Amino acid sequence: QAYNLVSSGAVSYTEAFRDAISKIVEDGVTVVYPSGHTDTIETATLRCVRTGVSQATAEITNARMDEMDWDIILVSSHLGARVTDALDYTNHAWWQGKFYSRSGRDKRFPPFEVCGKGDVQGINGANCRHSYGPGDGKHNPFEKFDSEENQKAYELSQRQRLLERRIRGTKR
């Protein structure tokens, strides 16, 4: 915008610079994703770090399971997992804490692909805190997970994030 104003002769370089800096200070620095979603630079950075660590860990886990020719996966679970109305990979509360078959050949367990691996909204996607590793198909420390408690924790975390965004906006 500043470039266009100066190039067109509408304002001086100094005035355009001053207005641009004022706008950045007022609005903050934002990241606009190809989807059109916009985040503050703080949120985008935290998401990038969290997602990158999750994906790097998953790559290491996959390599070790490939070496061992291991098929059964146990996915972690945590309170406050993403909840949606869908019964698909976008609803992390739906698939967390269960056994899966990496190859899909072991019919005792659903195929791991139902967790949405490789999708921004699936396991190891944006902001996902889930991990997974080799499982034996029997011993599951996550099986007594309370879905109502998870729903409450998720709603509380969403409310907390909203309040934090408002505070940061007010500070800016």
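A residue counts as buried when its relative accessible area is under 20%, exposed over 50%, and partly exposed in between. The model described here is predicted.

**Aromatic pairs**

Three aromatic pairs occur in the structure. One joins phenylalanine 99 and phenylalanine 109: the ring centres lie 5.6 Å apart and the planes meet at 50°, so this pair is tilted. The tilted class is what remains once planes under 30 degrees apart are called stacked and those over 60 edge-to-face. The pair links distant parts of the chain, 10 residues apart. Phenylalanine 99 sits in strand E4 (residues 99–101). Phenylalanine 109 belongs to the loop between E4 and strand E5 (132–134).

Both phenylalanine 99, at 10%, and phenylalanine 109, at 13%, fall under the 20% limit, so each is buried. Aromatic residues also group elsewhere: Tyr100, Phe112 and Tyr132 make up one aromatic cluster.

**Nonpolar surface patch**

Helix H2 (residues 13–27) contributes the most, with five residues. Isoleucine 41 lies in helix H3 (residues 41–68). Its relative accessibility is 36%, between the 20% and 50% limits, so isoleucine 41 is partly exposed.

**Accessibility of the residues discussed**

| Residue | Relative accessible area | Class |
|---|---|---|
| Phenylalanine 99 | 10% | buried |
| Phenylalanine 109 | 13% | buried |
| Isoleucine 41 | 36% | partly exposed |

Methods
Residues numbered from 1 in each chain as written. Predicted model: local features only at pLDDT ≥ 70, side-chain atom pairs only at ≥ 80, totals over all residues. Heavy atoms only, no water. Phe/Tyr/Trp six-rings, centres within 6.5 Å; stacked < 30°, edge-to-face > 60°. Helix = DSSP H or I, 4+ residues; strand = E, 2+ residues; numbered from the N terminus. Buried < 20%, exposed > 50% of the residue type's maximum accessible area, 1.4 Å probe, protein only.
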